[in-house]
Amino acid sequence: MDLTYGADYDAFREEVKAFIREHKHRQPQPGDGLRSQALKNWQSVLIEHGYHSRTVPRDYGGYGAEPDIIKSRIISEEFGAERVHRGFNGQGVTMLTPVLLEMGTEEQKQAFVSPTIKAEIIWCQGYSEPGAGSDLASLTTKAELDGDEWVINGQKIWTSTAHHADWMFCLVRTEPDAPKHLGISFLLFRMDTPGIEIRPLVDMTGDANFNEVFFTDVRVPKNQIVGERGQGWQVANAVLGHERGSLATPDAATNRLNGVKRLMREESISGQPIIDNPVFRDRLMRLEGRVLAMQYNDMRLLSAKINKNQDVRLAKMIVKLIGTELRHEIECLGIDVMGEIGLSYGDNPHVKGLGSWQYQYMFYLGLIIGGGTSQIQKNIISERGLGMPKEPKISAAEKAVKGA
Amino acid sequence: MEFGLSQDQLLLDDSVRKFLSAEVPLDAVRSLAAGEGSDASVWRGLADMGLAGVLIPEAHGGAEMGMLDAVVIAEALGYAACPGPFLSTAVMASFLLKEAGATDPLASMATGEYRVGIAFSDVIGARKGQVTESDSKLSGQSLFAFDAEADAYLVALADGQVLMIEASEVTRASLTTIDKTRSVCELTFDASPACLVTEDMALVKQTILRGRAVQAADTLGAAQYMLDQAVAYSLERKQFNRVVGSFQAVKHMCAEMASQLEPCRAFTWYAGHAFDEGADDAGLTACHAKAHLAEVGQFVAKTSTEVHGGMGFTDLLGLHYWFKRIGFNRQLLGSPEVVRHEAAVLQGLCD
């Protein structure tokens with residue numbers, strides 16, 4: 001056990017601190033949107049100094065550093081501690097860019113990577129469908145080749161940022177006769193292509209965090225495919241693993257828990273500071289214990305990225321399940337400690353923390369479901385983590401009996 | 001940077017587990033719990049491997065390892081539901097005597113010959129102010145001293161004084177608890193001669209905190225055993241022409257146990273390591289680890305029993321020894337609410 005990073009890394013941390021001191025004033029302010037020049041400028045500053053797209057090669061507009069998990073960690077720690085804007089990290093940056101670098105043609109890398117990481121092209125992800133959620137590989141949006149073009153028909157759902165996006169990366173069925181995992185392809189196309197209709201999907205928070213996207217004879221150039229025909233499932237899976245862990249990080253949970261502590265110190269009920277209420281305090285401490293367990297689990301995962309001989313498969317598999325449930329409960333405590341004030345939402349003048357407690361409470365329920373539901377996570381943990389069998393397929397004979 | 005066990009610690013873990021699976025199989029747990037025989041030979045065997053002297057300096061015949069090593073050992077002991085005075089003699093008493101400079105007994109403790117029990121109930125809140133001292137003579141009672149076979153006891157008074165007293169000077173009544181793999185007793189003193197070890201309340205608290213970190217690891221081991229047994233049983237037991245482990249309801253119970261338990265491994269490692277490094281958050285982490293493992297352990301103990309169906313409720317599988325061990329750890333040295341209150345005090349959230 002050695003939790004020090006070493007002298008080289010201490011020097012690197014000082015570099016990061018110096019950057020933050022010198023440049024912090026240039027970061028975007030609340031209200032600067034996705035399309036703002038302020039965000040684009042900040043993005044360029046971050047990339048230039050290696051604090052965004054750090055390992056993306058220079059040829060494609062990145063910083064071109066060797067992957068170094070400790071340096072990435074230090075950057076996260078310092079930016080987090082000073083609450084500095086991390087730049088734009090939409091799905092194009094976090095999910096598509098690694099895919100293109102791994103599986104894209106040289107032409108695709110040249111065309112897309114640089115504008116994507118610079119927030120000049122904003123992407124949305126077209127994976128889930130009304131009939132293909134947990135069982136994503138059964139998706140039915142189809143693309144047929146007609147001359148030099150794919151013709152796409154079907155529907156996607158849960159498409160975040162579709163209404164802001166310039167382009168979509170999308171899974172479509174191109175080989176209807178192949179087994180379901182082998183009949184999918186990964187296509188890229190502009191969102192202003194004729195035949196695409198976007199309908200906002202208002203959710204329980206009152207916002208439209210997601211959309212439905214409909215395709216009617218959408219024509220896309222044949223070469224806008226990543227990987228080969230039928231390889232789309234492998235392409236998509238290379239990045240989904242990344243998404244699951246990042247939905248609910250222990251660092252974010254710690255920040256929110258500290259937010260609850262601040263709230264409990266600052267707010268009173270009937271003249272008594274909330275922190276003096278032993279019942280609320282016990283709930284706070286109980287959550288703190290759970291957050292600490294996830295923090296040290298996270299350090300173990302970090303360490304395993306450096307020391308490859310450590311087996312942390314199970315420790316990794318449980319992060320999405322536990323992390324999202326934990327966040328939901330932390331937000332719940334934030335609401336509960338405020339009593340009736342906790343009901344406040346939207347433009348209510350009594351609202352605390354810009355109404356984030358109720359909002360996040362609902363949003364994290366969404367994340368418990370999204371990105372592989374808690375129930376799907378439990379299937380994965382029991383099957384791949386504990387070696388328990390899959391649900392047996394119902395035989396044709398049994399189906400016939402049940403049908404009768 | 002490396003967050004994990006060293007090669008030496010992995011070897012230690014491996015050798016302890018090998019020893020325990022050979023020397024403390026279920027039959028041994030069963031007969032010891034029934035009061036047949038004693039744990040003396042097991043403790044001597046563990047002492048031969050250096051476990052009794054884990055925290056004792058080499059100069060006094062110990063192995064001079066650290067709290068992380070103690071955590072590794074405790075997890076293995078919990079997994080085997082192994083009896084013996086590891087928590088009392090090897091962790092709490094060794095630490096306190098060493099820090100207080102009362103090093104005379106350490107050498108015979110390291111060999112496993114001399115056992116020093118812990119009688120701290122007055123500072124843990126069970127019965128405040130029951131033991132009094134006058135002219136180095138103790139009077140009154142101490143409850144829940146562990147273990148019942150000790151050769152001497154460290155008795156803590158409410159004001160932070162700790163005195164050592166030979167077992168021959170006290171009246172000792174064994175107390176039946178749910179966990180028969182550990183022995184607990186009530187000590188009665190009647191102007192019994194004892195020897196002052198320390199008057200430092202901070203040292204008493206540090207000793208309790210170390211005990212809590214080690215208990216957390218013991219619970220982790222016991223809960224891991226119950227999870228492993230649940231998965232194994234679910235893959236053998238058939239109903240409706242299928243192993244019950246193929247039903248999603250059962251799989252999800254196992255997944256929930258694993259999901260809550262797995263992060264506890266890193267948590268208890270850090271709890272041990274924090275003491276070795278003298279980290280500022282060592283005490284806070286120990287309290288949180290103890291309370292968190294108490295809750296996770298309780299969940300696993302219940303859920304694993306349910307996965308075993310009716311057999312889990314019977315004596316036949318012996319699963320209940322681990323259920324009870326987890327329950328014992330939950331109460332001893334502070335129940336979760338008490339320990340969480342201390343966690344709040346330690347970070348200045350309340351008095």
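Biologist: How far apart do the C-alpha centres of domain 1 of chain B and domain 3 of chain B lie?

Modeller: Those centres are 20 Å apart. Keep in mind that this is a predicted model.

Biologist: OK, and where are the domains in chain B?

Modeller: Domain 1 covers 7–110, domain 2 covers 116–199, and domain 3 covers 202–346.

Biologist: Back to domains 1 and 3 of chain B: how many residues are in contact?

Modeller: On the domain 1 side there are 23 residues, and they meet 26 residues of domain 3 of chain B.

Biologist: Which helices of domain 1 supply at least two residues each there?

Modeller: In chain B, helix H2 (26–33), helix H4 (67–80) and helix H5 (86–100) each do that. H4(B) gives the largest share, with ten residues.

Biologist: What's that side made of, by class?

Modeller: The domain 1 side that touches domain 3 of chain B has 18 nonpolar, two polar and three charged residues.

Biologist: Switching topic: how many residues of chain B are in contact with chain A?

Modeller: 39 residues of chain B are, and they touch 42 residues of chain A. Elements giving two or more residues to the chain B side include helix H8 (201–234), helix H9 (248–277) and helix H10 (282–307) of chain B.

Biologist: Which one gives the largest share?

Modeller: H9(B), with 16 residues.

Biologist: And the classes on that side of chain B?

Modeller: The side facing chain A has 20 nonpolar, twelve polar and seven charged residues.

Technical notes:
Residues are numbered from 1 along each chain as its sequence is written. Chains are lettered from A and ligands numbered from 1 in the order in which they are written. This is a predicted model: local features need pLDDT of at least 70, side-chain atom pairs count only at pLDDT 80 or more; totals for chains, interfaces and linings use all residues. Two residues are in contact if their C-beta atoms, placed from the backbone, lie within 7 Å. Helices (H or I, at least four residues) and strands (E, at least two) are DSSP runs, numbered from the N terminus. Ala, Val, Leu, Ile, Met, Phe, Trp, Tyr, Cys and Pro count as nonpolar, Asp, Glu, Lys and Arg as charged, and the others, Gly among them, as polar. Domain bounds come from an automatic or database domain assignment.
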